[in-house]
Amino acid sequence: MEILLLAIVLLPLLTALGIKLVDKFINETLINFLTINSALLSFTIASGMFVLLTMEKFEPIHFTFFTWLTSPEILFEFTLDGLSGIMMVLVTGLSVVIQIFSTSYMSQDEHYSKYFIYFNVFVFSMLLLVMSGNFLVMFFGWELVGLSSYLLISFWSKKQSAAKAGNKAFILNRIGDFGFLVGLMLVLSIFGTFNYEKVFDEVLAGNEQSLDLIVICFIVGAFGKSAQFPLFSWLPDAMEGPTPASALIHAATMVTAGVFMLVRISPILQFSEIGKIIVITTGLLTALIAAFSAINQDDIKKVLAYSTISQLGFMFIAIGSGAYVAAIFHLVTHAFFKALLFLGAGAVIHEMHHEQNIHKMGNLKTRMPVTAAMMGIGTLAISGIPPLAGFWSKDEILASTFANGGIYYGFWALSLLAAFMTAFYMGRHWLLIFHKETQNDVTQVSEAPKTMLRPLILLGLFSIFIGFINTPFFHGVEKVLHETLHSVDITHLPEGISLIILAVISIGAGFTGLLLAYLIYIVDILSYFKVKVPLKKELKLLSANTLYLNKLGDLIFVRGLKLASRKTAVVVDGLMIDGLVNKTSSIFYNSSKRVSKSQTGLVRSYVVYFGLFMLLLIGLFIATPWMLN
Amino acid sequence: MLDIVLFAVPAGLVILGALIVIFAKNPVHNAMGLVLTLASLAIIYITLNATFVAMVQMLVYAGAVMTLFLFVIMMIGVDKPEQTREEIKGQTFLVSGTLLILGGIVSYVVIKSGLKWDLWFPAVDYTLEGTPDLIAGSLFTEWILPFEIISILLIVATAAAIALAYDTKPRKKL
Amino acid sequence: MIEVSTDWYLTLAAILFSIGFIGMMIRKNALIMFMCIELMLNSVNLTFITASRHFGTIEGQISVFFVLVVAAAEVVVGLAIIVSIFKKQSSASVDLLRASRG
């Protein structure tokens, strides 16, 4: 029974290899057949295993593939518990839905098979990551996910910007991976093993001082993968890749790997005060910066990219407040409505013949009603309007933050601000694309094909109803994660009336954001009341350029590094080292030239020298008294 | 008294001749000075009871060698007066330095030992006559090997001289 | 009564040697340098004879013999060399011989 775990992980890999092998012989239909069937199979097995797990009261199921080293003991093992079960079902399910969408979106593309090969490799890596039984296997998955992401981002590799974006993603990811790797080494050196359960048992047994360092290293890794400040600038650029790939990778799965990893190590994280502070402040900062930048973006996908960064910030805020269940819950709901939004954007792009600037769109709801409705559901979900999914998860995060008290009241207030901004820019997004009356020529646009619409509708339904798995009345996710997090100190929601008040406030923030977006962009209330927003143009530029953070990073790291390396090459290498070597040889040359001047070739000077030294010798002889009397 | 005079006069002539050798302008004068030195030295040898050596000295040195010198001077050195200005850099300085050191050492030795050299071995009290049979008796028995070698040396020297000075230009056919 | 002892002869030889050496340093003409060499050789001869009388052996005089012969041979060869140099550069100055310079 345990070997099915291995089957789930390996099935996408085998699919990818299979497509690669028969690539020359088959056409699109056969590829579709192959890949979607294997995805369905994975999903079925995964759900089956999850049901099995539920029946066993979420007792972890282990499977060891092989033993790599015996001392220290390093195995290649998989674990299925509540946490990895949720992720597994999520990944495989979304893989099915998005692959169905991709068959229509990517058709007629010349690299059709390559896309599905990369896609399946990615699913394999993600499954490896979430179902890992020890840190090392997770690291394999971690690295492979980064690689697949790079491959998919720079999919249209002939385009210069795509290739650059792929590079940027991989390099910034690498910085995070460095932290992860150092953390790995520390774990091995301190605990002597990579296995989760053994490590956690040891941590709970006795408090160690060096936990802070391990935690910080892993946090750096999470920052790289989950696009937190300062390693987030790769995600907006990653929109160069195909939209369905973005939907899977940069909405639902890869970027949540960081969140998943931090929840996985929550038994260690809970003991590190400094780690939690870093997580929550960075999450907050990221959420605010990303939300601010999203307000003035022009590209349909970039808005969603910044939105993803912002929502990931929310998840990190949850982790920092100790609300691990809320973080995972938000991860799940966010996966659904963000995938929905991305796929909807993909449908729009496809129908607009790859035009991505939202100012060139408008009033599309009459021409693409189903897509508009589904995107509308997604927008409402992300803004936190009940009873849609986003409300339950976002509210749980905000309430948990509030429950911690002290400085966390301030954190709560800022998170509320971020939630308000989220509603605002998402409202702008939807309104400008679908609702606004416009002069643009949109008569060519028609509804998206059925193959694209069906996934959208499916995801839309899920976005409405998935929130009910973890309400304050029915803690479904908490029950699932109970066994995994039984040793962790989780922050619980405040009780009674304070909970209701908090909920009302957050709903109000959501509504206000949407309303404000409607007023400003559709009714154009600012010019109506002749309200002058101070520094409007500067604020717009600031937002559009992500607070010029990109430029700053470029200046410091790229140009700075180039300058430093040029300086080193010229000064240190050229002047100092070469100079040293040359100087040594020239010293010898010059001194030998000077000494050779004494060889005059003249007999008379030789005679003089001869006599001189002979006299000196005699003088020496006379001066030292001979020993005989 | 006679000893001193018999020593002082030839000694003075020797030194005079040496000075002429190094200070004269005309090369022929140099050669004459050298002859004077050699002849006076022969006289000193006689006072030292080395009669045979004195004869040989007169014959070989003052006779043959000086004749050779004079021939070569005739061939070469009489035309141009020699420049007295020193051309080599630093030579004057070095020479004067050497002279100073020399003078220093000599005066030191002289003063330290009080005008009398400290000879480590005492003189013998008998006089040895430097007669030919005494010399020959030692030369042809104990020192026969060096004797043969210097005869070879002489032959080699002659051959070398001819080889060096040989004129390789073909002579005009008469 | 002052006796003419060995000291005096040795002093004379030393003076003669020094004069010869100084002449070597000063003069530029090759022939004259040669004559100074002869002076030095002769001072050595004088020392040998003095030593022969001082120690009462005949070895000193035999050494003088050898030195004499060698000096003669040396004069022959040396003069031949000077002649051939003169043929080449038409001046007997030693300072012009700088081929082994540097």
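**Reading a predicted three-chain complex**

Read along the sequence, chain C follows the pattern α-α-α.

Q: What kind of model is this, and how are residues and chains labelled?
A: This is a predicted model, in which local features need pLDDT of at least 70, side-chain atom pairs count only at pLDDT 80 or more, and totals for chains, interfaces and linings use all residues. Residues are numbered from 1 along each chain as its sequence is written, while chains are lettered from A and ligands numbered from 1 in the order in which they are written.

Q: What confidence does the predictor give chain C and chain B?
A: The term pLDDT is the predictor's confidence in each residue, from 0 to 100, and where it is low, the predicted coordinates should not be read in detail. Chain C averages a pLDDT of 86, with 96% of the residues scoring at least 70; among its helices, confidence is lowest in helix 1 (residues 6-26), at a mean of 88, and highest in helix 2 (residues 30-55), at 91. The mean pLDDT of chain B is 84, and 85% of its residues reach 70 or more. For the complex, the predictor gives an ipTM of 0.88 and a pTM of 0.68.

Q: How many helices and strands are there in chain C?
A: Helices (H or I, at least four residues) and strands (E, at least two) are DSSP runs, numbered from the N terminus. Chain C has three helices and zero strands.

Q: What span should helix 2 of chain C have, and is this helix covered or exposed?
A: The expected span of a helix is 1.5 Å times one less than its number of residues; the 26 residues of helix 2 of chain C should therefore span 38 Å, and its end C-alpha atoms are 38 Å apart, which agrees. A residue is buried if 20 or more other C-beta atoms lie within 10 Å of its own, exposed if 12 or fewer, and partly exposed in between, with C-beta atoms placed from the backbone. By that rule, helix 2 of chain C is mostly covered, with 19 of its 26 residues buried, and of the 102 residues of chain C, 47% count as buried. Helix 2 of chain C is followed by Gly56(C), whose phi is positive, near 75 degrees.

Q: How many residues of chain B are in contact with chain C, and of which classes are they?
A: Two residues are in contact if their C-beta atoms, placed from the backbone, lie within 7 Å. On this basis, 63 residues of chain B are in contact with 57 residues of chain C, and helix 3 of chain B gives the most to the side of chain B that touches chain C, with 12 residues. Ala, Val, Leu, Ile, Met, Phe, Trp, Tyr, Cys and Pro count as nonpolar, Asp, Glu, Lys and Arg as charged, and the others, Gly among them, as polar; that side of chain B has 51 nonpolar, eight polar and four charged residues.

Q: How many residues of chain A are in contact with chain C?
A: 10 residues of chain A are in contact with 11 residues of chain C, and the largest share of that side of chain A, five residues, comes from helix 25 (residues 603-623). By class, this side of chain A has four nonpolar, five polar and one charged residues.

Q: Which residues have the most contacts inside the largest nonpolar core?
A: A nonpolar core is a set of buried Ala, Val, Leu, Ile, Met, Phe, Trp, Tyr and Cys residues joined through C-beta atoms within 7 Å. The largest has 196 residues, and those with the most contacts inside it are Leu127(A), Ile319(A), Ala327(A), Ile328(A) and Ala339(A). Helix 15 (residues 324-351) of chain A gives the most to this core, with 19 residues. A second, separate core of 61 residues includes Ala50(B), Phe21(C), Ile32(C) and Val75(C).
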